[in-house]
Amino acid sequence: MKPRVLSGIQPTGSLHIGNYLGALKNWVTLQDTFECIFCIVDLHAITVYQDPAELHAKIEQTAGLFLAAGIDPAKSAVVVQSTVKGHAELSWLLTCVTPVGWLERMTQFKDKSAKQESVGAGLLNYPVLMAADILLYQAAIVPVGDDQSQHLELTRDIAQRFNALYGDTFVMPATKLPAVGARIMGLDAPTKKMSKSTEGSGHAISLLDPPATIRKKIMRATTDSLPGVDFDNLGPGVVNLLAIHQAFTGWTNDQTRAHFAGMRYGDLKKTVAEAVVAGLEPLQTRYHEIMADPAYLRGILRDSAERASALAEQTVRLVKERMGVYAG
Ligand code: TYM
């Protein structure tokens, strides 16, 4: 049996090149070696208010982007989280073994709750649901961007605590970060992570941005006051542009250094913009083809939900038995 891989993306805002380089692009390469399950985590999305019609549309659009990026439904399951009831079920069972203090310490909880007038319990419990996503399928590997590392540590803590209380039940999942692109920064503010929720047209490059928009955003990206690329003195904006280029092209550090050393920022930006445009073009073409056939997409989501539900059932039953609740 192949070890399992699980990861997920929230169907909110517009997916950007951070989501692509930190997660989606790397998922594609794992499909031959592992049994993969990739989730559109709509139950996570509603931990902050979402317009219902918009959320509904975003779920299918996100699934379309997974396929367009190269997720092959013949190899991998593309699962809408809410369609497999084991996610919510296991989440409750794990909530009961998770100390509140662990959840209050989460950086993302502190950041997100600081922005809300009234903090929903879902926001506090968010990482438990994420642990449930992973542990439900006994995933061994979780490919994510760097911002999810703390949630993955918590997942292992919860799994260990459960195993200690009720006996060996869960596989310990490992975090898999990409070598380049684990943390893509905002183009307008290169000390802040590129994020779906940050306002401003110059902040993120969406996966569906037309080439002219991509070029415009990159040409306006914040750099510093040096005239050109100095590898002994790289500012965060230049580091970010070089990382984006490397992640799209697969160039080594040596190739990158040899090509860009001393290059003026205007030329650097043009080169980066062309790499991003070329890197996203096939994805954009496939996306529009996929979205033109909603019946095909919905069929894949139904099949994946069925396959995933069968796996999820086994874990939920085992966990219930271990905890002594009535498994039927
Ligand atoms: P989300 O939807 O915020 O992001 C999806 C993936 O994109 C990565 N990412 C980035 N990578 C590099 N640079 C960035 N600027 C950047 N921004 C986002 C994230 O690390 C993530 O891999 N809680 C998760 C979703 C989730 C999940 C899971 C992930 C729910 N259940 C189970 C893994 C396993 C989240 O909000 O991701």
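Among contacts in the protein between residues at least 6 apart in sequence, what percentage join residues at least 24 apart? The answer is 77%, where a contact means heavy atoms within 4.5 Å.

Hello everyone, and thanks for coming. Before we go on, a word about what we are looking at. This is a predicted model, in which local features need pLDDT of at least 70 and side-chain atom pairs count only at pLDDT 80 or more, while totals for chains, interfaces and linings use all residues. Residues are numbered from 1 along each chain as its sequence is written, and side-chain values use heavy atoms, with hydrogens and water left out.

Let's start with the whole protein. Its secondary structure comes to 13 helices and 5 strands; these are DSSP runs, numbered from the N terminus, with helices being H or I of at least four residues and strands being E of at least two. Along the principal axes, the C-alpha atoms fill a box of roughly 70 × 45 × 40 Å. With 328 residues, a compact globule would have a radius of gyration near 20 Å, and the protein agrees with that at 21 Å. That radius is taken over C-alpha atoms, and the globule rule is 2.2 Å times the number of residues to the power 0.38.

Now the surface. The protein has an accessible surface of about 15,200 Å², and carbon and sulfur atoms hold 53% of it. Such areas come from the Shrake-Rupley method with a 1.4 Å probe, and for residues only the protein chains shown count as cover. Buried residues make up 50% of the 328. Here, buried means under 20% relative accessible area, exposed means over 50%, and partly exposed is in between, with a 1.4 Å probe and protein chains only.

On to the ligand. How many residues surround the ligand? There are 28, and the closest are Tyr-126, Asp-133, Asp-147, Ile-184 and Lys-196. The shell divides into 12 nonpolar, 11 polar and 5 charged residues.

Asn-19 places a polar side-chain atom 3.1 Å from an oxygen atom of the ligand. Taken alone, the ligand exposes 710 Å², and the protein buries 96% of that. Elements giving two or more residues to the shell are β1 (4-9), α1 (17-30) and α7 (121-136).

Next, a short tour of single residues. In helix α3, which spans residues 52-69, we find Thr-62. Thr-62 has a relative accessible area of 2%, so it is buried. Leaving aside neighbours within four places in sequence, Thr-62 is in contact with Pro-11, Leu-15 and Ile-40.

Helix α3 also holds Lys-58. Is Lys-58 buried or exposed? Lys-58 is buried, with a relative accessible area of 17%. Not counting residues up to four places away in sequence, Lys-58 touches Pro-11, Thr-12 and Gly-13. A polar atom of the Lys-58 side chain lies 3.4 Å from the backbone oxygen of Gly-13.

Over in helix α5 (residues 100-104) sits Leu-103. At 4% relative accessibility, Leu-103 counts as buried. Leu-103 and Leu-124 are 21 residues apart in sequence, yet 6.1 Å apart in space, C-alpha to C-alpha. Beyond four places in sequence, Leu-103 touches several residues, including Phe-109, Leu-124 and Leu-154.

Gln-138 is in the loop between α7 and β4 (141-143), and its phi is near 50 degrees, a positive value in a residue other than glycine. Leu-177 lies in the loop between β5 (174-176) and α9 (211-219), and at 36% relative accessibility it counts as partly exposed. From Leu-177 to Asp-147 is 9.9 Å, C-alpha to C-alpha. As we saw, Asp-147 is among the closest residues to the ligand.

Conventions
Near = heavy atom within 4 Å. Polar contact = N/O pair within 3.5 Å; in protein donor to acceptor, adjacent residues only side chain to side chain. Nonpolar A, V, L, I, M, F, W, Y, C, P; charged D, E, K, R; others polar.
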